Amino acid sequence: MPTRREFLAATAALTSPPGIDPTLRLWDEKPAADWNAAHPIGNGRFGAMIFGGVGEELLQLNEDTLTSSAPGVDDLPLDVTPEFDRVLAMLRARQFAEASDVMTQKWTGRSWPCYQPLGDLKLAFGHGANSGIYLRALHLDEAVARVFYRSASVEYRRECFASFPHRVIVVRLTAGQSGKLSFRASLSSPHPTAQTSRFGPNEIRMKGQGPGLVIRRTLEWIEQRKEQWKYPEIFRADGSRKPNAKTVYYGDEIGGRGLFFQTGLMVHSTDGKVTTEGGALSVKNAAEAVLILAAATSYQNPDPGGQVSRELAAAVKTPYRTLLAEHTADHRKLMGRVSISLGSSFGQAMETTPVRIRDFQNGKDPQLAGLYFQYARYLMIAGSRPGTQPLNLQGIWNSHVIPPWASGYTTNINTEMNYWPVEVGNLSECAEPLLRMVMECAEQGRVTAAKMYHRRGWVLHHNTTLWRGTQPVDNNAMPAFWPMGGAWLCQNVWEHYRFTGDREFLAKAFPALKGAAEFLSDWLVDDGSGRLVTAAGNSPENIFLYTDASGKKRESGICMGPTMDVAICRDLFRNTIEAAKILGVDGALQKELQGKLAKLLPYRVGKRGQLQEWPEDFAERDPEHRHVSHLYGLHPGNDLHPRTTPELCQAARRTLEIRGDGGTGWSRAWKINFWARLLDGDHAYTLLKNLFVPATAREGGVLPNLFCSCPPFQIDGNFGGAAGIAEMLLQSHRGELHLLPALPSAWPAGEVKGLRARGGFEVALAWAGGKLVNCEIKAQSAGECRLRYRDKTLTLKMKPGGVLQPKELLA
């Protein structure tokens, strides 16, 4: 009798056609029990979660622009100036809670719009349950999801992919015997406005309108806070509810507001009989059928139905094999740039993904980290392409009308984290949606800076959406009042330039850098001792304890100059000065920012030996809080480094020890990066193992489909974890390429090819016995390349397109 592993290896070919790497896949032996086990596909704009059911297949669909609300309708007449002096005086007098109350009442906005599901494609099959083997897999190297099973001795197969070249989702179904494939296909949506009807002899079309208003809060919550004035759609001027008050409104209920959408399903080809009736499409007595899905909304699009028709017409004229080949070639052009091996692969890859998650905890499967890194790259390609929207908290995959945290762009860590691995992971093109969003937010942010603050430049607070709102959202001042979001996003902009050296891009992006720096320059105040700090803010989402003037124990999240605020100012000012020098512009601004840089409040070390989170050495209400915002200067910034600031790095280490090795999924991912920057590979690996702990309803970790859970699912942890893996192998933020800077003992041998480094370099590394044994550097342009490995350094003279293998650094 074959062993289980031999059996699985023998059956791997059933979902891994010739030429497909069976180790670069997620797979399972049963259909997805729920959304968190389904496999994601996407073309940046149009995505699906594939469940792999036998009696009924489900593809849960998303289109990346379908969002509630409309431009500008969520803005309120906010103005900080009438209360600014009062709030500042309170903060100076250590009346933190009182200042926070005023800011909550006067300086916060309303609930932000929610990213929406599009609907579901269901395929109901005429055969019975599976008998014998069942396999479903997501192949990362070609971006195809496959299902294989037997029912009544007939083999059934499915292939699903989302084509970027053709802008459609393609589903191919086959039966091993002629005439044995029969199914009914239907489209539905959680939106009650949706209707599906026949649209031709082989097509059905679903049309609807998304919600015009979605409120994440309960009406009681709004009333208790006396914030009815923020929602005139729901409440009268006296605060009472209008008739039929609720939290989700459609169409005429909200004055016609809401994006329109259409989804078309067409039979591309089949040898069976096709009928359409009752808003459903049926195929009977076939051996093969190919379905095409297209979708569009009315976002910046006056004719979504016409777009759907054009995309379906183009795809249906293209043979299936061509659709698949062109999709695969497009995907591999990006995916194939990087390979990574961190240990045994083939044997463990024959185990299902849930088993591999278990084995990773037992030390049996170090290569799962390599798969996780590649999965993040796959998700980046699937969810963020030039011309699409950026990845939100759930990427592009969401099934809820009121999703967790609105499926928005949370800019006090999460949106930035989504794109941490995009440059080092050699997917620079996929950053375009984020970089474009920053520039779009800068436009709206100038209005907010002028009207709400009466200051130069532009501002974005801790959330934005499809509509690029830049005001604070609802809730208390902590966390909603945080005017640092645009400044932090500018670091992603600067990093894109550092990796690519694209001066044309830098010139285009410079107004965003400049405007963010101007706003923060105007937002700084003297702390009373000659140091500059931000006037008011919070250390994202954390609360400190203090004693007020009367001796009473109090708590608050608002103060002047939290450490992260000042670190972001320092980072942005330096980057803006450097950008201005490169472009030869804005000498006056360079001088202004340089002068203020010298006066910024420096880092401080507290009585526990930790890096202080606030100007005073406050204790935290939650010492193990998920955010570690005051270590921004360690990562993603570059203020702190063990060689140049050893005392501050020791304080950062102590901070991490106090915070602990737990937290939400994305928090553990960030800590991998922190420990890697501290050059402690084994502790970084501890956090990686903790990131891979199976998630529960109350604890973060990894889900069965390798999605990261906060909980619930948030995709930022996938990208933060991948960035941390890269930081363990290669760092380039200090003007040199540091090779294997935080290699853990769990990876004694391995190889990585294709990682990108700042300065326009591409790096390949191999190591054995924990020592570097091969290194190859490719240069994008001419110049010097400084390398570091352990205590050795080397400077190379590189030619454009040149490749060097510096043997001097090898063990």
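1. In this predicted model, Y378 is buried, with a relative accessibility of 1%. Y375 is likewise buried, and its relative accessible area is 0%. Both residues fall into this class because buried means under 20% relative accessible area.

2. A search of the whole structure finds 35 aromatic pairs. One of them joins Y375 and Y378, whose ring centres lie 6.2 Å apart with 10° between the planes. This pair is stacked, because planes under 30 degrees apart count as such. Where in the chain do Y375 and Y378 lie? They belong to helix 9 (residues 368-383), three residues apart, and are therefore separated by about one helical turn.

3. W420 and W670 form an aromatic pair that is tilted, at 6.1 Å centre to centre and 55° between the planes. The pair links distant parts of the chain, as the two residues are 250 residues apart. W420 is in the loop between helix 10 (414-418) and helix 11 (421-424), whereas W670 is in helix 19 (residues 665-677). Both W420 and W670 are buried.

4. Which residues do ring pairs link into a cluster with Y375 and Y378? The cluster also contains W35, W397, F707 and F713.

Note on methods
Residues are numbered from 1 along each chain as its sequence is written. This is a predicted model: local features need pLDDT of at least 70, side-chain atom pairs count only at pLDDT 80 or more; totals for chains, interfaces and linings use all residues. Side-chain values use heavy atoms; hydrogens and water are left out. Rings of Phe, Tyr and Trp (its six-membered ring) pair if their centres lie within 6.5 Å; planes under 30 degrees apart count as stacked, over 60 as edge-to-face and the rest as tilted. Helices (H or I, at least four residues) and strands (E, at least two) are DSSP runs, numbered from the N terminus. Buried means under 20% relative accessible area, exposed over 50%, partly exposed in between (1.4 Å probe, protein chains only).
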